[in-house]
Amino acid sequence: GARAEMKKIEALTKKIESPAVQSMTEGLAAMLYLAEDNPEAAAGRFDREAGRLKESGLFEPMARSFESAGKAYEQAKNYTAAADRYFRAGRSLFASGRQTGSQNDLKHAVDLAKLAGDKTMEDRIREFQAETEKSPISPE
């Protein structure tokens, strides 16, 4: 089935020294885990996808991977991890000049940190939000 085929794909892409190609494999594996209703495993693969995209210098796609990881952690009810991934996505989008996307992710991260009861995370996110409001940034 799909899991056996995924193992073959993973074995082949490990031989390719391209983090961008390896990120595609991680994303595919994550989606397979979501299809199998295993959001915690999917989140971990989205995290690895983000790491490979970072190695490739693909920061906006990396932010999208963090959003996907956040959504998967949220489905798994791991709200602290979900808040962290949306926070990472928001910071990355802000650095890429995507202010609207950044603010949406940061707002969602605050909501998840509150849901988790993680005041430290909530404070970190709010501090970053305050800094972004002071920073001049070009419109999208």
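1. Let's start with a loop. Asp37 sits in the loop between H2 and H3. Is Asp37 buried or exposed? With 67% relative accessibility, Asp37 counts as exposed, because the cut-off for that label is over 50%. Its backbone is worth a look as well: Asp37 has a positive phi of about 60 degrees, although it is not a glycine. Keep in mind while you look that this is a predicted model.

2. Now move along to the loop between H4 and H5, where you will find Lys77. Phi of Lys77 is near 65 degrees, which is again a positive value in a residue other than glycine. Lys77 has 59% relative accessibility and counts as exposed.

3. Which residue takes a positive phi just after H3? Gly57 does, with a phi of about 75 degrees.

4. One more loop residue deserves a stop. Ile16 is found in the loop between H1 and H2. Ile16 has a relative accessible area of 37%, so it is called partly exposed: the value falls between the 20% limit for buried and the 50% limit for exposed. Leaving out residues up to four places away in sequence, Ile16 touches Val21 and Gln22.

5. Next, a helix. H3 covers residues 39-55, which makes 17 residues. From its first C-alpha to its last, H3 reaches 24 Å, close to the 24 Å expected at 1.5 Å a residue.

6. Which residues of H3 are buried? They are Pro39, Ala42, Ala43, Arg45, Phe46, Asp47, Glu49, Ala50 and Leu53. These buried residues pack against four helices: H1 (2-14), H2 (19-35), H4 (59-75) and H5 (79-95). If you colour H3 on your screen, you can check each of these partners in turn.

7. What is Arg45 in contact with, leaving aside its neighbours within four places in sequence? The partners are Glu10, Glu26, Ala29, Ala30 and Tyr33.

8. Stepping back to the whole protein, the secondary structure comes to seven helices and zero strands. Read along the sequence, the pattern is α-α-α-α-α-α-α. The radius of gyration is 16 Å, close to the 14 Å that the globule rule gives for 140 residues, so the protein is as compact as a globular protein of that length. The C-alpha atoms fill a box of roughly 50 × 30 × 20 Å along the principal axes.

9. How much of the protein is buried? Of its 140 residues, 40% count as buried. The protein exposes about 7,800 Å², and carbon and sulfur atoms supply 53% of that area. Turning to contacts between residues at least 6 apart in sequence, 48% of them join residues at least 24 apart.

10. Finally, a word on charge. How many positive and negative side chains does the protein have? There are 22 positive and 23 negative side chains, and the centres of the two sets lie 3 Å apart.

Note on methods:
Residues are numbered from 1 along each chain as its sequence is written. This is a predicted model: local features need pLDDT of at least 70, side-chain atom pairs count only at pLDDT 80 or more; totals for chains, interfaces and linings use all residues. Side-chain values use heavy atoms; hydrogens and water are left out. Helices (H or I, at least four residues) and strands (E, at least two) are DSSP runs, numbered from the N terminus. The expected span of a helix is 1.5 Å times one less than its number of residues. Buried means under 20% relative accessible area, exposed over 50%, partly exposed in between (1.4 Å probe, protein chains only). Contact means heavy atoms within 4.5 Å. The radius of gyration is taken over C-alpha atoms; the globule rule is 2.2 Å times the number of residues to the power 0.38. Accessible areas come from the Shrake-Rupley method with a 1.4 Å probe; for residues, only the protein chains shown count as cover. Lys and Arg count as positive and Asp and Glu as negative; His and the chain ends are not counted. The place of a charge is taken as NZ of Lys, CZ of Arg, CG of Asp or CD of Glu.
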